[in-house]
Amino acid sequence: MTTTIVLQQAINGVVLGSLYVLVALGLTLIYGVLVQINFAHADFVTLGAFAAYFFMHLVGAGYILSIGVACIVGAALGWLINASIFTPLRRKGNELLPLIATIGVSVMMQNLMLTWFGPIPYAFETQYSSQVFRFGGIFVSWQNVIIIAVSSIAIALLYAFMKFTFLGKALRAVSQDRETAGLMGINPNYLIMLTFVIASALAGMAGAMLAPVLVLTPFAGTSVIVKAFAIVIIGGFGNVEGTILAGLIVGLIESYTTQFLDPGLIDIVVFALLLLMLAIKPTGLIAERREENV
Amino acid sequence: MSDPAITRGLGKGSIVLASRQSRLILAALAIIALPLIFTDTYWRTNLMICAINVLLALGLDFILGYTGQLNLGHSAFYGLGAYVSTLLIVKLGAPFWGAFVAGVVFAGLAGIFLSLFAVRLRGHYLAIASLGFAVIVYQILLNWISLTQGPLGIYGISPPPAIVVGGTTIVDFRNLTSFFYLVSGFTFLVYLLLDQLVRSPVGETLTAIREDEVSAASLGINGAAWKVFAFGVGAAIAGAAGCFYASFVGTLVPDAFYVSEAFTILAMVIVGGMGTLIGPVFGAILLTLLPEVLRGIGDLRLVVYGAALTFVVLFMPGGLVQAARFVQEKLRPGGQKT
């Protein structure tokens, strides 16, 4: 009985964790090339979720297709925020100003969504939410299978892109040393734009898959982003492997805390872990090669 | 036979000093006059909220503007000050001013505790750690129902006790005007103390750390210790604002100290002009009163805050102070820069 509960919550934890990984990877990629944080990343998640919802309910399209739409909405927002906030502020060279500006964007977007969509949660049901199969004593919905499959494919593609393509190599070069990469004939501005588009597409995609799991309100992204920030620090800023590991850990913490303790304690446990990491190993779970981050 | 350059310098200095003193006297007169001009409860309530917000903005500005630490969790210290003082009064029957001191000290210590974690790290770590701290404090206030009554809130918190001399009541803080004088007087005092502090060698030390911590360290300045000190002072000021807020509003619910409150205070500091003391004062007053003046916008209040934050950072990073200087230079005959 207890084993079943533990396994069942492990599935739930991995489902949540892989979505958190998608959100956190975007933050960490941007930090890698730009050493900046996009606070409005949360609202890309929410807008992706609303885009998918309205595409399904107004156009009548299938769920898988609407995940693609959320992806495109996210990518467009990423391009926009890079062009309007990060590019103009890069010349000023202040590390905190872009973060403060994106907090402004985030507050603005959340409250605009609040006036458009209202505070009442939307029921985002897909045809896969109710289709459940049994696996031993554990129940798994097709929704969960889709989430794990899509996010694994996305993460694997991203990993392959970074490791094996020329652009991916250029991207890693920029994140190691932007100026030298520029001397090697790499256009950092183009790559920074590309990073924003990829990172935000992942956020939009995560939104479309998170909404059926959590509740869809204009503030849905905020609860996720706070955990994503924690994941980025626990995994090590700019570290892809560390982020994946930390994301899964936080997902599991969330599902087990809900089962065995109290859902109100989730944020407290996650942030206690964050403060602990800052105190003992601020470089993150997997040691970072670059020391100047700290 | 004095050197003309020195005389001119001295003359200029005394003019600056005189104008500084006259500005402070003017500000004090304005504080005294305001509740006499605005006699209805609605505007007096707004004045009170202005005074509390100015206090909050001053505390955050001391942390952010003078030591460059991006604190996204100012709402947490505000909430801790409010809840610690109120719980001491309601649960243990502590006297108001004792509870006030306890709330201030507790908030200050919480600030020191938090900054100790992140002081060795770059700005982004502190930003996220402080945001996380604000989330934790909010969740604790919400979920520790046996102590804080969670979302139900604490009701019937009384204002500070009246000042009674020889059996006759001299000042009764149930009177909104007296309470406003108390809070704005306290805020004025905090402003004066911070003003003295940033003009003293301590202020120069803090600015040196903000501009270049490595160079400051090479001059023998312990940057980490000063950053922790500044964080503690700023958090303690927020704690004082919390105590006043609780006794003014009379009810406490955790939602008043949600993370969005920290962003609101941040917007006040940035819009006013961080790194100056006068900027956040006007930033807080402007952003408190603007939504009241533009009543029609209703739910769009926070949209205005967000837009103000973004556009000020993009186009006028010095905030209102920068705008005022720009106008002053345009108006000066000849129009050249000094």
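Guide: Start with helix 14 of chain B, residues 319–331. The model is predicted. Helix 14 of chain B has 13 residues and reaches 19 Å from its first C-alpha to its last. At 1.5 Å a residue, 18 Å is expected, and the reach is close to that.

Visitor: Which residues in helix 14 of chain B are buried?

Guide: Gly319(B), Leu320(B) and Val321(B) are buried. The buried residues of this helix pack against helix 11 (259–272), helix 12 (278–293) and helix 13 (301–315) of chain B.

Visitor: How do I describe two packed helices?

Guide: Two packed helices are described by the angle between their axes and the distance between the axes. Take helix 4 (residues 96–118) and helix 10 (residues 223–249) of chain B. Their angle is about 145 degrees, and their axes lie 7 Å apart. Helix 4 of chain B passes helix 10 of chain B in a right-handed crossing.

Visitor: Which residues meet there, helix 4 against helix 10 of chain B?

Guide: From helix 4 of chain B, they include Phe100(B), Gly103(B) and Ala107(B). From helix 10 of chain B, they include Phe231(B), Ala235(B) and Gly239(B). By class, this contact has 14 nonpolar, 8 polar and 1 charged residues.

Visitor: What about the whole of chain B: how many helices and strands?

Guide: Chain B has 14 helices and 2 strands. Its C-alpha trace spans about 70 × 50 × 45 Å along its principal axes. For 338 residues, a compact globule would have a radius of gyration near 20 Å; chain B has 21 Å, which agrees. Buried residues make up 44% of the 338 residues in chain B.

Note on methods. Residues are numbered from 1 along each chain as its sequence is written. Chains are lettered from A and ligands numbered from 1 in the order in which they are written. This is a predicted model: local features need pLDDT of at least 70, side-chain atom pairs count only at pLDDT 80 or more; totals for chains, interfaces and linings use all residues. Axes are lines fitted to C-alpha atoms, for helices over the stretch in contact, and angles run from 0 to 180 degrees between N-to-C directions. Helices (H or I, at least four residues) and strands (E, at least two) are DSSP runs, numbered from the N terminus. A crossing is left-handed if the near helix is turned anticlockwise from the far one by less than a right angle, and right-handed if clockwise. Two residues are in contact if their C-beta atoms, placed from the backbone, lie within 7 Å. Ala, Val, Leu, Ile, Met, Phe, Trp, Tyr, Cys and Pro count as nonpolar, Asp, Glu, Lys and Arg as charged, and the others, Gly among them, as polar. The radius of gyration is taken over C-alpha atoms; the globule rule is 2.2 Å times the number of residues to the power 0.38. A residue is buried if 20 or more other C-beta atoms lie within 10 Å of its own, exposed if 12 or fewer, and partly exposed in between; C-beta atoms are placed from the backbone. The expected span of a helix is 1.5 Å times one less than its number of residues.
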